[in-house]
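Biologist: I'd like to learn how to read a model like this one. Could you take me through it feature by feature?

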Amino acid sequence: MHIQWSHLSARNMPPRPHTRSVLITSYISQQNSTRSVSARSLGQRTQAGHTNRWQLPGALGSDLLGQAQVQKADEFCSKSSDRKNNSADPMALHWHETAASGPHSPLPCLVHPHSACRRARLCKDVTWSSNTPEERFDVLSHKVTHNAKPDAVLECLGVRWKLHGSFLSSSDTLIELYTNSKRQQDVERAVIGKDSRVSSSASERGLVYRKWLLRGPLTLRLPVKDDSINKEALSFALRTLYDPEERPDEWGEAVLSTASLLGMSNLFQKCLTEMMAHISSSTVCSFHQVSCKFKETFLQRACERWLELFLVTELSFHIKLKDLPFDLMLKTLRCPRLFTSNEYEVLRAVLYWLYLKLNPLRETLPAHSTIIHFFSRETAVFLEQPQGQKYITIFQALRMHGITEWQHLQELQNIRVLPESWLLSILSNHYHTLHSGGDMVVTDFSKQAIRFGMIFDGEQECCTQTISLCGFYFLLKAAKLGESDTYNFSFERLRHWDPAVSQSSIVSRPYCMRPDRLVSYHITVQSFANGSWQEHSSGPVSQEFGLCRRLSRSKPFQIEGIFQPILVTFALAFPF
């Protein structure tokens, strides 16, 4: 601030000593220079907007207040310039500090801290992140229609959405509301025309008011009874009327329900397509629920197919496992195409799911030790309690006779989930199988075969896995033949001196010296091609396996035209 003296002001002021005026002037000048130096040396800040606020010249990613001020300044400058010249250069809308604005200027000129491209990107991000759904719709509709007056106003979800009649063709519901309201308005205009001819002076004021109402946009009222529809989904659906390339933050039930309410069949089908292409651990349960709500069998089947492949390998490691309903869990466990690396992993997935059902407020997936401790602390058997009666069918769908590792069997006894009769049956069957040379009581191969699976992914040319079953060792193998898209799947019986059998396995696991063993097996290969998962099956095969090389290998199962990732399941059983 500078103090200026004029002759007029000096005449009106009372006479004061000249020395005192000099001291005041010098003191004020010294204070101003001190403030100016400190402002330039310490902060070096620039004015950010017409509100006379200040900010640092450097761009900070966390400086949300500064970014909002920059955006407001840009909008203010743009509006001011648009009133003068609509074709002005956008770079000319910003002020820049020149040589004329020296350190003694009362206010520094506005300086934009970002370059043109970064400024545009920053302002766009701030705009879309800070605006409400109705503001986002207004911005797009004004841009597309060049600020044309609306023809109708949609009252929905407590918001007045300004619409234009030429953009409503994609919505059957809005077209019907607009047509009915237009027809009603024409009828009212005809009635007003008749009343105006015979009106008296007392009713002229009411006629003028009614005519004024009819000049404005039509009012469309759309009630919403579906709780899944929100302002964000409605804003997106209305924006697609003006720009079909618009995309929501998330495809899901809200968008699908809104499209159904507005009668937007194209958006409905597009949402279904996007949902089917984005099924994952975080969406499969909600998408399946939506498919049942709208009776969309294709989406429902796609979700169930995904669960058959990834319930054990992916969803069981995600907190969204708690959203999997009982009926869908049971249906997936009973499916013969369920993929798993071994039967214990299926039991593990069921225990995690059951824990989350009993603890619905849990927001994170617990550690495995927490699960075991939770089911081991009770003295009563869970499935024998009233709370656990309904889960009996879930555990009956498991192939627990295929859990053969001793540490897994020990864990099965420690958790107080299965009745004593179930545990006795599992252990006695293991004892009988080991002492009879591997013979199993198999009445239904499709439900009793023990499954082993592996995933063939990446740039692998060959994938192998060594398994142990009732004293017999096998090497599962999947190999790609050269540079073609042909794959070969097979397995072979191993001898106890083969390098693929580790020494620790021989020490800790039983080994059967029986020279021949009848094996029933079934190889299932599932791969993704042409937008869907395809299944290739060898069918049930029975073969005698010996210790010599000639009799130790299975018949090769060869498939052409498949691509990775490939999920391979070997189902084995030892019949009498």
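Biologist: Let's start with a strand pair: which residue in β4 does L154 stand opposite?

Modeller: First, some ground rules. This is a predicted model, so to speak: local features need pLDDT of at least 70, side-chain atom pairs count only at pLDDT 80 or more, and totals for chains, interfaces and linings use all residues. Residues are numbered from 1 along each chain as its sequence is written, and side-chain values use heavy atoms, with hydrogens and water left out. Strands (E, at least two residues) and helices (H or I, at least four) are DSSP runs, numbered from the N terminus, and two strands pair if DSSP finds at least two bridges between them. Now your case: L154 stands opposite W161 in β4. Strand β3 (residues 152–156) and β4 run antiparallel, joined by five bridges.

Biologist: What sheet do these strands belong to, and in which order?

Modeller: An open sheet of three strands, ordered β4-β3-β5, with mixed pairing. Because β4 (159–163) and β5 (218–221) each have a single partner strand, they stand at the edges, and one side of each is left without a neighbour in the sheet. From one strand to the next, the twist averages 25°. Angles here run from 0 to 180 degrees between N-to-C directions, and axes are lines fitted to C-alpha atoms, for helices over the stretch in contact.

Biologist: Which helix packs on that sheet?

Modeller: Helix α8 (residues 231–242), which touches β3 and β4; its direction makes about 5° with that of β4. Contact means heavy atoms within 4.5 Å.

Biologist: How do I read a hairpin, say that of β7 and β8?

Modeller: Look at the pairing, then the turn. Strands β7 (residues 462–469) and β8 (residues 472–480) run antiparallel, with eight bridges, and T466 has L475 as its bridge partner in β8. Two residues lie between the strands, and C470 takes a positive phi near 55°. Now try β10 (residues 517–529) and β11 (residues 532–537): they pair in the antiparallel sense over six bridges, with Q526 opposite E535 in β11. That hairpin has two residues between the strands too, and N530 takes a positive phi near 55°.

Biologist: How many disulfides does the structure hold?

Modeller: The general idea is that a disulfide is a covalent bond between the sulfur atoms of two cysteines. The cut-off is a pair of cysteine sulfur atoms within 2.5 Å. The structure holds zero. Take C463: its nearest cysteine sulfur, that of C462, is 7.2 Å away.

Biologist: Is C463 buried or exposed?

Modeller: Buried means under 20% relative accessible area, exposed over 50%, and partly exposed in between (1.4 Å probe, protein chains only). C463 has 12%, so it counts as buried.

Biologist: Which residues touch the most other members of the largest nonpolar core?

Modeller: A nonpolar core is a set of buried Ala, Val, Leu, Ile, Met, Phe, Trp, Tyr and Cys residues joined through side-chain atoms within 4.5 Å. In the largest, with 86 residues, they are L238, L324, L333 and F395. Helix α14 (residues 343–358) gives the most to this core, with ten residues. A second, separate core has 31 residues, including C463 and F474.

Biologist: Last one: what does the side chain of R451 join in a polar contact?

Modeller: E343, at 2.8 Å. A polar contact is a pair of N or O atoms within 3.5 Å; within protein, one must be able to donate a hydrogen and the other to accept it, and residues adjacent in sequence count only if both atoms are side-chain atoms. R451 is found in strand β6 (residues 450–456), and its 3% relative accessibility is why R451 counts as buried.
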